[in-house]
Each structure stands twice: as C-alpha cells, then as structure tokens.
Amino acid sequence: KIIVTLLALVLVLLLLALMIVELTPSPTQRMRVRNVSAGDATLTTAQIAERIEDEARAVPHVADCRAVVAARGNRVEVVLDLNVDAGADLARTADEACRRAHVLVEEQMGIALVQRPRARLHYRELLLKEDGTLQTAPPRPSTGWERPAGDDGAKSR
C-alpha cells in the first residue's frame, strides 16, 4: 500500500511539473501591431529589442545598448542598458535614448507601452577638471522628457 501511494505521489508531482512547464509563457512573445488596417501583423519581443538597440546606438555618446523588452498583456515594457562614453552628458543621453525608443515602439511600430522606457547607464570613466571636480555640461534646451524641477523621484503614496 505504501509503495503504491509513493508511486502515485511521484507521478502526480511529475505531472504537476509538466503542467507548470507547459503553462509558463515563452520569454520571446509575439506582440500584435495595433495600427494595421488590413490584416494582422505581429512582432516578437526579440525583434522589438533589436530595433530599439539599433535606434539607441544612433544617439550621440552611446557606445552600446542592450534592450530588454517584456510583454505585459497586450503592452510592452522597455528597459535600456546603455554603455556611454566618457564625454556623455548622462541625463541628456538617457533622455534622448528613451525618447527614441518611445517614438519607435509606440508611433512607428504601433505597440503600446506600459510606461515610458527606463534607462540604466554604465560608463567606464568620467572627465575631471584640473581641480578634481566633475566637468559640467552647458545648459541644454528642454525636450519634454526631463524630470520636473524639484522632483526627487519619490512617489507619493
């Protein structure tokens, strides 16, 4: 009786593991393009990430980019890992890369975003003045993507 019970328990656990593997969504999902008037068009998250990476590499001072695109229902979430060179104004570079990714995904590809793209910046060296302080860039024109003045990034609850 005990052996039959243990074999049945092992069989149930194997079937449960098989169900979990089958029901887990694929990391590469297909997203439906929403502004196609005739027919149906889809793009995989890997294809979207590749196009975003190409677009972000065109931003001045971006040495390399790796985009992570995650499907969230019928929308996507985009995170950019940007490797920037030493002469980069980090805020301007991140703003421009995120703006280009946003325009590409929402306007050109016709796929909705969950939220604005986020950027993680990586750099190897900083340029210092002769007195040891960081070099500052001249004031830049507003692009509409900047964080409002006085906003420390904390969300009110």
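**Start at Val84**

Select Val84 and show what surrounds it. Beyond its neighbours within four places in sequence, Val84 is in contact with His61, Ala63, Leu90, Thr93, Leu121, His122 and Tyr123. Keep in mind that this is a predicted model.

Val84 sits in strand S4. Is Val84 buried or exposed? Its relative accessibility is 6%, so Val84 counts as buried, since the cut-off for buried is under 20%. Ala63 and Val84 are 21 residues apart along the chain, yet 5.2 Å separates their C-alpha atoms.

**Colour strand S4**

Select residues 75-84, which make up strand S4. How many of its ten residues are buried? Eight are, so the strand is mostly covered.

Pick Val76, another residue of S4. Val76 has a relative accessible area of 0%, and is therefore buried. In sequence, Val76 and Val114 are 38 residues apart; in space, their C-alpha atoms are 5.7 Å apart.

**Step to strand S3**

Select residues 62-72 to show strand S3. How do S3 and S4 run, parallel or antiparallel? They run antiparallel, joined by ten bridges. Then go to the turn. S3 and S4 form a hairpin, with two residues between them. Gly73 is in this turn and has a positive phi of about 70°.

**Step to strand S5**

Now select residues 118-123, strand S5. S5 and S4 run parallel, with six bridges between them. Look across the pair. Val84 stands opposite Tyr123 of S5, and Leu82 is opposite Leu121.

How does the chain get from S4 to S5? Follow it through helix H3, residues 90-109. This β-α-β crossover is right-handed.

Show the three strands together. They form an open sheet in the order S3-S4-S5, with mixed pairing. Which are the edge strands? They are S3 and S5, each pairing on one side only. On average, neighbouring strands of the sheet are turned by 15° against each other, direction ignored.

Select residues 45-57 for helix H2. H2 packs on the sheet and touches S3 and S4. Its direction makes about 150° with that of S3. Then bring back H3. This helix lies across S3, S4 and S5, and runs at about 145° to S4.

**Look into the core**

The largest nonpolar core has 23 residues. Which residues have the most contacts inside this core? Select Ile52, Leu80 and Leu82. The elements giving two or more residues to the core are H2, S3, S4 and H3. H3 gives the most, with six residues.

Zoom in on Ile52. Not counting residues up to four places away in sequence, Ile52 touches Ala67, Val69, Val78, Leu80, Ala101, Leu104 and Val105.

**Last stop: colour by pLDDT**

The mean pLDDT of the protein is 79, and 68% of its residues reach 70 or more. Select residues 2-23, helix H1: among the elements, H1 has the highest mean pLDDT, 92. Then select residues 30-32, strand S1, which has the lowest, 65. Where pLDDT is low, the predicted coordinates should not be read in detail.

Notes
Residues are numbered from 1 along each chain as its sequence is written. This is a predicted model: local features need pLDDT of at least 70, side-chain atom pairs count only at pLDDT 80 or more; totals for chains, interfaces and linings use all residues. Side-chain values use heavy atoms; hydrogens and water are left out. Buried means under 20% relative accessible area, exposed over 50%, partly exposed in between (1.4 Å probe, protein chains only). Helices (H or I, at least four residues) and strands (E, at least two) are DSSP runs, numbered from the N terminus. Two strands pair if DSSP finds at least two bridges between them. A crossover is right-handed if, with the strands pointing away from the viewer, the path from the first strand over the helix to the second runs clockwise. Axes are lines fitted to C-alpha atoms, for helices over the stretch in contact, and angles run from 0 to 180 degrees between N-to-C directions. Contact means heavy atoms within 4.5 Å. pLDDT is the predictor's confidence in each residue, from 0 to 100. A nonpolar core is a set of buried Ala, Val, Leu, Ile, Met, Phe, Trp, Tyr and Cys residues joined through side-chain atoms within 4.5 Å.
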